[in-house]
Amino acid sequence: MENRLSKLRKKRKLSQADLASAVGVTRQTITSIETGKYTASLPLAFKLAKFFDLKIEDIFIMEGEDDL
């Protein structure tokens, strides 16, 4: 699964620590999601989507779906 988390975070000029604090996780969790080493849980995906005022699928992309 790919994601646009890093791009969205940088667009808002947020550090990983800032974003982590806003959604209640550690900076390491944000790093792991951005690098693809960890897939966000559904509750965390909802928190991130709400934070960025987007739909989950606007942040997280299933492999092969970006070609549609």
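Biologist: What makes the link between the side chains of Gln16 and Thr31 a polar contact?

Modeller: This is a predicted model, so every value here is computed from it. The distance between the two side chains, Gln16 and Thr31, is 2.8 Å. A polar contact needs a pair of N or O atoms within 3.5 Å, one able to donate a hydrogen and the other to accept it. The pair of Gln16 and Thr31 counts as a polar contact.

Biologist: Which residue has a side chain joined to that of Gln16 by another polar contact?

Modeller: Glu34 does, and the polar contact between the side chains of Gln16 and Glu34 is 2.8 Å. The limit is again within 3.5 Å.

Biologist: Why is Gln16 called buried?

Modeller: Gln16 has a relative accessible area of 19%, and buried means under 20%. Therefore Gln16 counts as buried. Gln16 is placed in helix H2. Leaving aside neighbours within four places in sequence, Gln16 is in contact with Arg9, Arg27, Ile30, Thr31 and Glu34.

Biologist: Which residues of H2 are buried?

Modeller: They are Gln16, Leu19, Ala20 and Val23.

Biologist: What about helix H3, where which residues are buried?

Modeller: H3 covers residues 27-34, and its buried residues are Ile30, Ile33 and Glu34. These three cover an arc of only 95° around the axis, which puts them on the same side of H3. They pack against strand S1 (2-3), helix H1 (5-11), helix H2 (16-23), helix H4 (42-52) and strand S2 (60-61).

Biologist: Which residue takes a positive phi just after H3?

Modeller: Gly36 does, with a phi of about 80°. Just after H2, Gly24 also takes a positive phi, of about 80°.

Biologist: What is the phi of Lys13, which is not a glycine?

Modeller: Lys13 has a positive phi of about 60°. Most residues other than glycine have a negative phi. Lys13 is placed in the loop between H1 and H2. Asp53 is not a glycine either, and has a positive phi of about 55°. Asp53 lies in the loop between H4 and H5.

Biologist: Are Lys13 and Asp53 buried or exposed?

Modeller: Exposed means over 50% relative accessible area. Lys13 has 73% relative accessibility, so Lys13 counts as exposed. Asp53 has 69%, so Asp53 is exposed too.

Biologist: Why is the pair of Phe51 and Phe52 called edge-to-face?

Modeller: Rings pair if their centres lie within 6.5 Å, and planes over 60 degrees apart count as edge-to-face. The rings of Phe51 and Phe52 have centres 5.0 Å apart and planes at 90°, so the pair is edge-to-face. The count of aromatic pairs comes to one.

Biologist: Are Phe51 and Phe52 buried or exposed?

Modeller: Phe52 has 4% relative accessibility, which is under 20%, so Phe52 counts as buried. Phe51 has 28%, which lies between the limits of 20% and 50%, so Phe51 is partly exposed.

Biologist: Why is Arg4 called partly exposed?

Modeller: Arg4 has 37% relative accessibility, which also lies between those limits, so Arg4 counts as partly exposed. Arg4 lies in the loop between S1 and H1. Leaving aside neighbours within four places in sequence, Arg4 is in contact with Glu57, Asp58, Ile59 and Ile61.

Biologist: How far apart are Arg4 and Asp58 in sequence and in space?

Modeller: They are 54 residues apart in sequence and 7.8 Å apart in space, C-alpha to C-alpha.

Biologist: What makes Glu57 count as it does, buried or exposed?

Modeller: Glu57 has 51% relative accessibility, and the limit is over 50%, so Glu57 counts as exposed. Glu57 is placed in helix H5, residues 56-59.

Biologist: What does the secondary structure of the chain come to?

Modeller: The chain has five helices and two strands, in the pattern β-α-α-α-α-α-β along the sequence.

Biologist: How do you know that the chain is as compact as a globular protein of that length?

Modeller: The radius of gyration is 11 Å, close to the 11 Å that the globule rule gives for 68 residues, so the chain is as compact as a globular protein of that length. Buried residues make up 28% of the 68 residues.

Methods
Residues are numbered from 1 along each chain as its sequence is written. This is a predicted model: local features need pLDDT of at least 70, side-chain atom pairs count only at pLDDT 80 or more; totals for chains, interfaces and linings use all residues. Side-chain values use heavy atoms; hydrogens and water are left out. Buried means under 20% relative accessible area, exposed over 50%, partly exposed in between (1.4 Å probe, protein chains only). Helices (H or I, at least four residues) and strands (E, at least two) are DSSP runs, numbered from the N terminus. The arc is that of the directions from the helix axis to the C-beta atoms. Contact means heavy atoms within 4.5 Å. Rings of Phe, Tyr and Trp (its six-membered ring) pair if their centres lie within 6.5 Å; planes under 30 degrees apart count as stacked, over 60 as edge-to-face and the rest as tilted. The radius of gyration is taken over C-alpha atoms; the globule rule is 2.2 Å times the number of residues to the power 0.38.
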